[in-house]
Amino acid sequence: MEAGPVAPVVEPRPMRVLVVDDERNIRTTLRMCLEGLGCEVREAATPDAALAALAQAPADLAFVDLRLGTSSGLELLPRLLAESPTLDVVLITAYATFDTAVEAMKRGARDYLPKPFTPAQIRHLVEKTRAHRELSSQLGNLEGQLAQSVPEATLETASPAMHAALALITRAAASDAAVLLRGESGTGKGVLARVLHSLSARRRRPFVTVNCPTLSEQLLVSELFGHVRGAFTGAVRDQPGRVEQAEGGTLFLDEVAEMSPGPQAQLLRFLQEKQFERLGEGRTRRADVRVVTATNRDLEKAVAEGHFREDLLYRLNVIEVKLPALRERPEDILPLARRFVAFFARAAQRPAPELSPATEKMLRAYAWPGNVRELRNALERALIVWPAEVLEPQAFPERIAVATGSGVALGGPHTLEEVEREHILRVMASVPTLDEAAHILGIDASTLWRKRKKYETAGPSGTE
């Protein structure tokens with residue numbers, strides 16, 4: 001098998017730091033230290049200037065003086081975090097006390113730095129913050145991967161069409177261009193979106209998904225861009241949207257063709273200007289986010305029918321990746337099926353059964369209109385309902401056997417009930433107690449007792 005695509009060499013982006021202090025010499029000293037560490041630095045002398053700077057462009061880390069003229073850094077803290085919920089704040093002061101440090105942490109500060117400070121202390125805080133942010137992002141990505149942990153995420157393929165899609169994904173990962181993934185339902189567009197993110201320079205930042213068809217127009221706008229308290233019934237507090245949650249990373253919009261006109265216009269503006277407003281708020285915010293979208297519909301047809309904006313399509317379709325249907329990559333069906341079998345067998349803590357020759361023939365012959373997702377579901381079902389060591393066609397949904405002409409009688413048990421009878425009686429004959437057999441079979445003892453009585457008095461077909 002050919003080797004998979006090689007990931008491009010990408011450099012992580014510099015940490016963006018905001019320095020908030022009313023003393024020019026302190027700002028200058030911090031700027032010199034931070035720029036020497038490779039950071040991008042902006043300065044602000046007042047709370048209003050700090051909030052304006054964050055509204056103009058997001059930051060990763062802020063050094064905030066405790067005393068800002070007649071204002072307080074402690075009072076500024078929650079306002080900064082409301083503007084940018086992912087911001088890490090370090091409070092700096094010449095008036096360090098234990099009570100002030102505790103209060104700063106309560107209000108959301110990440111750390112506390114007394115004056116006078118040294119370049120070594122600044123370096124330590126920057127490295128500590130960078131490590132914390134990378135760890136948080138990795139944990140978030142890991143949670144997402146575990147929630148969606150499926151064996152079809154492998155990049156191994158014998159299909160030339162799939163190889164071409166993966167090669168294009170690899171090249172696209174080196175840029176920040178918008179990517180549109182096209183393909184039928186179940187072809188793995190979400191998996192490929194995550195692959196694109198993991199290969200990109202944004203891989204240490206969040207990967208955030210929004211499923212467009214599941215939300216009404218107002219809820220989709222709120223989900224994307226957030227809302228303020230009172231923006232609509234039930235909005236009891238300010239809530240950042242997925243765009244802000246994806247800061248520095250990737251926002252994946254699944255089934256974007258289902259988006260109604262209102263959110264389409266706001267998404268277009270964000271793609272053009274990287275600016276947005278939370279629902280019910282007049283303040284303009286900015287975010288550094290890469291947008292990846294997916295659809296199973298003909299967007300050109302939707303444009304012609306007036307359901308989708310043509311200018312938005314052009315913005316989303318900078319790089320187009322077409323995923324082949326499973327029936328167009330028949331060489332991958334059996335390898336995928338075997339990976340699913342191994343995956344679900346491990347989850348069930350049982351040996352992985354084999355695919356019978358008749359099952360392999362059936363799986364290759366079926367058209368798989370639901371694509372990889374349907375194959376996955378069919379194998380998961382088979383592992384649950386068919387306890388035998390070899391998976392036969394009878395373990396699969398009837399539609400598959402009927403569509404492929406595979407509903408033929410084989411030697412041995414032919415129905416699920418016959419297989420269950422054989423399996424239960426074999427297990428019970430191999431252990432001394434009912435409880436042990438119930439544990440092995442994964443059912444309670446009373447249910448097993450009733451099944452045993454039924455099958456011991458039934459004929460081979462399971463009837464009295």
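I take a cavity to be a set of points, on a 1 Å grid over the protein atoms alone, where a 1.4 Å probe fits but cannot get out.

I am working on a predicted model, in which local features need pLDDT of at least 70, side-chain atom pairs count only at pLDDT 80 or more, and totals for chains, interfaces and linings use all residues. Residues are numbered from 1 along each chain as its sequence is written, and side-chain values use heavy atoms, with hydrogens and water left out.

Entry: cavity. I searched the whole structure and found 1 cavity of 30 Å³ or more. I read a volume of about 120 Å³ for the largest cavity (the space filled by probe spheres set on the points). I looked up its lining (residues with an atom within 4 Å of a point): 13 residues, with Pro58, Glu83, Ser84, Glu244 and Arg286 nearest the centre. Two or more lining residues come from each of α2 (47-56) and β12 (285-286) (DSSP runs, H or I of at least four residues for helices, E of at least two for strands). The lining divides into 6 nonpolar, 2 polar and 5 charged residues.

Entry: helix pair. I looked up α8 (residues 217-225) and α10 (residues 261-273), whose axes come within 9 Å and cross at roughly 20° (lines fitted to C-alpha atoms over the stretch in contact, with angles from 0 to 180 degrees between N-to-C directions). α8 and α10 are therefore roughly parallel to each other (angles under 35 degrees). I noted the residues in contact (heavy atoms within 4.5 Å): α8 gives Glu217, Leu220, Val221 and Phe225, and α10 gives Gly262, Pro263, Gln266, Leu267 and Phe270. I sorted the contact residues of α8 with α10 into 6 nonpolar, 2 polar and 1 charged.

Methods:
Angles under 35 degrees count as roughly parallel, over 145 as roughly antiparallel, 65 to 115 as roughly perpendicular and the rest as oblique. Ala, Val, Leu, Ile, Met, Phe, Trp, Tyr, Cys and Pro count as nonpolar, Asp, Glu, Lys and Arg as charged, and the others, Gly among them, as polar. On a 1 Å grid over the protein atoms alone, a cavity is a set of points where a 1.4 Å probe fits but cannot get out, and a pocket is an open set with protein on both sides within 12 Å along at least five of seven lines; lining residues have an atom within 4 Å of a point.
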